[in-house]
Amino acid sequence: MPIALPLISSLLILSRRFESERLMRIIAGVTVIFNMAVVILILAVDFPKSIEILKLNEYISIFLKIDRLGSLFAVLASSLWILTAFYSMEYMEHEKDSRGFFAFFTATLGVIVGIAFSGNLVTLYLFYEVLTLFTYPLVIHSRSEEAFRSGRKYLVYSFGGAALIVLGMVILYSIAPNMQFAPASLEYSASEKNMLLYSFMLMFLGFGVKAAVVPFHSWLPSAMVAPTPVSSLLHAVAVVKSGVFSIIRVAYFVFGANALKDINGHFYAGAFACVTILMGSFLALTHDNLKKRLAYSTISQLGYILLGVFALNEKALWGGLLHFVNHALIKIVLFFCAGAIYVKLHKKNISELRGVGRKMPVTMTCFAIAAISLIGIPPTNGFMSKWYIAIGSLEAGRAWFAVTLLVSAVLTAAYLMPIITKAFFYQCKEDNGSMEMEKEAGFKMLVPIVVITAIIIANGIFPSITLDFIEGLTSEISF
């Protein structure tokens, strides 16, 4: 039901029976709230936790299964979708074709829940491909030449990654036909190790396209041509987190930690993650456009999660999964703030943000809190996740992971702190020495920003709320 309901609602929004924009927004808002309630109900009540939709043979089927990892992703996505819907209702007043936006925005939620609750590799792949088709109209929403160019790049990269995934799955199927997700190591013979490594790396790189792993990252900054609510979903929840989530599934629920160690897959994947972290950080420093700087920041921060995954250490995985949640919260606030600044002040570049903190004090305070959290300054939520990744990496004997984290933390401060200092400690050139009236965004945009910022603060002060759930998740995995 939480998969089908958003898809049905999107069809209602697209139908010509609902001409009123207000009614379309109500349908979208009610759908995402009700969907969240259904997800929580399914997790809380003793419903069947698995369902087979279609069986092709003994090993290949369309299969849904609810487990802790999928629940984490589904609840995270569903809750942030509600706040994004609320934010979008005001933001999209300044954009055209809100019908198409809300239709695909709502439908994408159903696909994300499908990815979260996929019970095997085949089902995950099918939902993963549908995600590309449903998010493409959001990327090209403005219908400009730049938007279509970015959309073509998004499709080429996404379908190219999908081809790698299919090839990896075919190789895996020839070795171990059972593709059900289970926290156990894969069984194989010594002669199959090389083929298994090829299979893993093909799937890692294929899913790594949506996770913006370098060198398959350039589609993500290009997609910043989309409206800010789309950018926030692409970078915080929907596309990039689906890529990371799928990599976690493959690493721990298809291959297993012992198999990855044996074929040395964790070393190669970890090397890609380190390059991604540093490259994303360095490229962020070179861009004056606020959304593009945040886009390259996302590329870097996703690498942190992958380091936690491929350290093959329980504490590092705690940190990786904690950053999976924390980064979503932090980055959605940063993008929401960027959108609010654009709507109220029509400023896109960092060089234009002098004195903005005086005009939009609530927005920029929230931006500052989120930025400090992303840097990882204690006692923020970003610090907690990076701390566990570093400690776990050192315990696993991968000091180069910890060094990469340290260098990137300095670079993160270098590309985020100038934004804060310009906003609060510089005077806007057009002020001419006089204080200008505040120009905060409207209620519907400001409330989600403040609410998620409050969650960021709470998750830093009381990390055990999320961490206890994650510890229960990792206790099922063999390292």
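In the largest cavity of this protein, α9 is the top contributor to the lining, with three residues. Keep in mind that you're looking at a predicted model. A search of the whole structure turns up two cavities of 30 Å³ or more, and here's a quick tour of both, plus the overall build.

**The largest cavity**
- This one holds about 50 Å³ of space.
- Its lining is made up of W81, T108, T135, L138, V230, L233, L234 and A238.
- Two elements, α5 (121-139) and α9 (228-236), each give two or more residues to that lining.
- Sorted by class, the lining has six nonpolar and two polar residues, with no charged ones.

**The second largest cavity**
- Here the volume is about 30 Å³.
- The residues around it are P183, A184, S185, Y252, G256, A257, I477 and S478.
- Five of the lining residues are nonpolar and three are polar, and again no charged residues show up.

**The overall build**
- Along the principal axes, the C-alpha trace spans about 75 × 55 × 45 Å.

**Burial, contacts and surface**
- Of the 479 residues, 60% count as buried.
- Take the contacts between residues at least 6 apart in sequence: 82% of them join residues at least 24 apart.
- The accessible surface comes to about 17600 Å², and carbon and sulfur atoms account for 66% of that.

Terms used:
Residues numbered from 1 in each chain as written. Predicted model: local features only at pLDDT ≥ 70, side-chain atom pairs only at ≥ 80, totals over all residues. Heavy atoms only, no water. 1 Å grid on protein atoms, 1.4 Å probe; cavity = no way out; pocket = protein on both sides within 12 Å on 5 of 7 lines; lining within 4 Å. Points joined across faces, edges and corners; volume = space filled by probe spheres on them. Helix = DSSP H or I, 4+ residues; strand = E, 2+ residues; numbered from the N terminus. Nonpolar A, V, L, I, M, F, W, Y, C, P; charged D, E, K, R; others polar. Buried < 20%, exposed > 50% of the residue type's maximum accessible area, 1.4 Å probe, protein only. Contact = heavy atoms within 4.5 Å. Areas by Shrake-Rupley, 256 points an atom, 1.4 Å probe, with all protein chains shown as cover.
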